[in-house]
Amino acid sequence: NLKGVWVAGIALTTAPTGAELTAGSVRDLSCYLTADGFTPGTDEQAITDDRLCSRQTYERRGRFMDSLDLAYVYNLASAANNQAYSSLAPGTLGYVVARWQVAYETAIAAAQIVDVYPAECGIRKKQPGAANSMFNVQQKIFVRDSVQRDVAVAA
């Protein structure tokens, strides 16, 4: 119930269109990502608010930073089975779009809710191989603008 796609361009991140999210250049990352390979995060800082009249220190919301880490399989011997690796070259700009709580097989459509991560791809970090497993890559996705949370796909 999570679909993650790589989109080269979105005109309005607060209202991505169904056409933008299903264009021929869009790469569906979902079947390349490992089971734990989609890791969004938010680090929210606290501002301390000390008052002369109180022994208690209060807090207020401060700056925050969004992050996204991906882990996916790669297969250099097969271009058809290596689209995440080939699409997410270091330095590439684009958008990671995540659709939550809808069956993966359901096509992206208007009114569905997505998160949009304006992204720059970091360095690919190949992970050591292990018995009975696929080769994996971990990659930091640098969030280069405001993440749009819970936005509806426009018609």
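## Cysteines

The sulfur of Cys-121 lies 19 Å from the closest cysteine sulfur, which belongs to Cys-31, and that is too far for a bond. A disulfide would need the two sulfur atoms within 2.5 Å. The count of disulfides in this predicted model is 0.

Cys-121 is buried, at 3% relative accessibility. Cys-53 is exposed, at 77%.

## Nonpolar cores

The largest nonpolar core holds 21 residues. Phe-38, Leu-70, Tyr-72 and Val-96 have the most contacts inside it. At least two residues each come from β3 (33-50), β4 (57-73), α2 (83-87), β5 (93-100), β6 (113-126) and β7 (136-143). β4 gives the most, with 4 residues.

Leu-70 has contacts beyond its neighbours within four places in sequence. Among them are Leu-29, Leu-33, Gly-37 and Phe-38. Leu-88, Val-137 and Ile-141 are also in contact with Leu-70.

## The β3–β4 pair

β3 and β4 run antiparallel, joined by 13 bridges. A hairpin of 6 residues links β3 to β4. Leu-33 has Tyr-72 in β4 as its bridge partner.

## Salt bridges

The structure has 5 salt bridges. One of them pairs Arg-61 with Glu-44, with the closest N and O atoms 2.7 Å apart. Arg-61 sits in strand β4 and Glu-44 in strand β3, so this pair ties together parts 17 residues apart in sequence. Arg-61 is exposed, at 67% relative accessible area. Glu-44 is partly exposed, at 43%.

Asp-49 and Arg-60 form another salt bridge, with a closest N to O distance of 3.3 Å. Asp-49 is in strand β3 and Arg-60 in strand β4, so the pair ties together parts 11 residues apart in sequence. Asp-49 is buried, at 12% relative accessibility. Arg-60 is partly exposed, at 48%.

## A longer link in sequence

Asp-66 and Arg-149 also meet through their side chains, in a salt bridge of 2.3 Å from N to O. Asp-66 belongs to strand β4 and Arg-149 to strand β8 (residues 148-152), so the pair ties together parts 83 residues apart in sequence. Asp-66 is buried, with a relative accessible area of 12%. Arg-149 is partly exposed, at 41%.

Shared partners also build a network: salt bridges join Asp-49, Arg-51 and Arg-60.

Conventions:
Residues are numbered from 1 along each chain as its sequence is written. This is a predicted model: local features need pLDDT of at least 70, side-chain atom pairs count only at pLDDT 80 or more; totals for chains, interfaces and linings use all residues. Side-chain values use heavy atoms; hydrogens and water are left out. Buried means under 20% relative accessible area, exposed over 50%, partly exposed in between (1.4 Å probe, protein chains only). A nonpolar core is a set of buried Ala, Val, Leu, Ile, Met, Phe, Trp, Tyr and Cys residues joined through side-chain atoms within 4.5 Å. Contact means heavy atoms within 4.5 Å. Two strands pair if DSSP finds at least two bridges between them. A salt bridge is a side-chain nitrogen of Lys or Arg within 4 Å of a carboxyl oxygen of Asp or Glu.
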